[in-house]
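Biologist: Can you put the model up? I have a few questions about it.

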Amino acid sequence: MIHTRPDRDGQEQLGLLGAAWEEAVPYWQDEVARQFDTGHWTPLVQRSSTYLDALGALMDLLETADRDTDF
Amino acid sequence: MTKIHADIDALKGFHEAMVRFRHVQRSVAERGDDEIELTRAALAARASHWQARLEQSQAEFDACRAGPGADCSGYARAVEQAGEQLEHIRGWQQRVDEAAGEFRGSAGAFWDLLQNDLPRAESHLLALIADLEAARRAS
C-alpha cells in the first residue's frame with residue numbers, strides 16, 4: 001500500500017481546484033464573478049493554504065517524533 | 001462543448017471540482033487527526049516500554065547493591081540509560097501535545113470552511129449556473 005501524507009494530498013487537490021478555477025475564469029468576467037472571487041474563492045484558497053501549511057508542519061513534527069524515539 | 005454553452009460548461013466543471021475538493025479535504029482532515037492519534041499512541045507505548053525497563057533495571061540494580069561487594073556499575077548504567085530514553089520520549093510527547101493543541105485552531109477553521117462556507121459557495125455557483133441556463137433558454 002502506498003502511504004501518502006494527507007497534507008500533500010490536500011495540496012494536490014487545492015492545485016486541481018485552482019486549475020478548474022483558471023479554466024472557468026476566461027468565461028466569467030462580470031461583476032458577479034468578481035464578487036464570487038472576493039467573497040468565496042480568495043478566502044477559500046487562503047484558509048485552505050493556511051490549514052494545509054499547518055498540517056504539513058505538524059506531519060513533519062510527527063514524523064520526526066516517530067524517528068527520534070524509535071530506539 | 002459548443003461555443004454558446006462554453007461558459008456554462010466551464011462553471012459546471014468548476015462546481016464539480018469544488019464538490020470533489022470538499023470530499024477529499026474532509027478525508028485529508030480526518031487522516032490528519034488520525035496521524036496525531038497514531039503518533040500519540042506510539043509514543044505512549046514506547047514510554048510504557050521504557051518505564052517498565054527502568055523499573056526492571058532499578059530492581060536489578062537494587063538487588064545487586066544489596067549483595068556483598070559486587071560491581072553494580074553495569075546495572076547503574078542500565079538504569080541511567082532507561083531513564084534518559086524515557087525522559088526523551090516524554091519530551092516528545094509534550095512537544096506533540098503542544099503542536100497538536102496549536103494545530104486545533106487551524107483545523108477547526110478548516111472544518112468550518114468545509115462544513116459551512118464551501119457548501120454555501122457551491123450553492124451560490126449552482127444558482128448562477130441555473131440563472132445562466134434560464135437566460136440562455138429565454139434568448
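This is a predicted model: local features need pLDDT of at least 70, side-chain atom pairs count only at pLDDT 80 or more; totals for chains, interfaces and linings use all residues.

Biologist: At what angle do α1 and α2 of chain B pack?
Modeller: About 165°, with the axes of α1 (residues 6–66) and α2 (residues 73–138) 8 Å apart. Axes are lines fitted to C-alpha atoms, for helices over the stretch in contact, and angles run from 0 to 180 degrees between N-to-C directions. Helices are DSSP runs (H or I, at least four residues), numbered from the N terminus.

Biologist: So which way do α1(B) and α2(B) run relative to each other?
Modeller: Roughly antiparallel, therefore, a term for angles over 145 degrees.

Biologist: New topic. How many residues does each chain put into the contact?
Modeller: Chain A gives 30 and chain B gives 37; residues are in contact if their C-beta atoms, placed from the backbone, lie within 7 Å.

Biologist: Which helix gives the most on the chain A side?
Modeller: α2(A), with 16 residues.

Biologist: And Arg20(B), where is that?
Modeller: Arg20(B) sits in helix α1 of chain B. Arg20(B) counts as partly exposed because it has 14 C-beta neighbours inside 10 Å; buried takes 20 or more other C-beta atoms within 10 Å, exposed 12 or fewer, and partly exposed is in between.

Conventions. Residues are numbered from 1 along each chain as its sequence is written. Chains are lettered from A and ligands numbered from 1 in the order in which they are written. Helices (H or I, at least four residues) and strands (E, at least two) are DSSP runs, numbered from the N terminus. Angles under 35 degrees count as roughly parallel, over 145 as roughly antiparallel, 65 to 115 as roughly perpendicular and the rest as oblique. Two residues are in contact if their C-beta atoms, placed from the backbone, lie within 7 Å.
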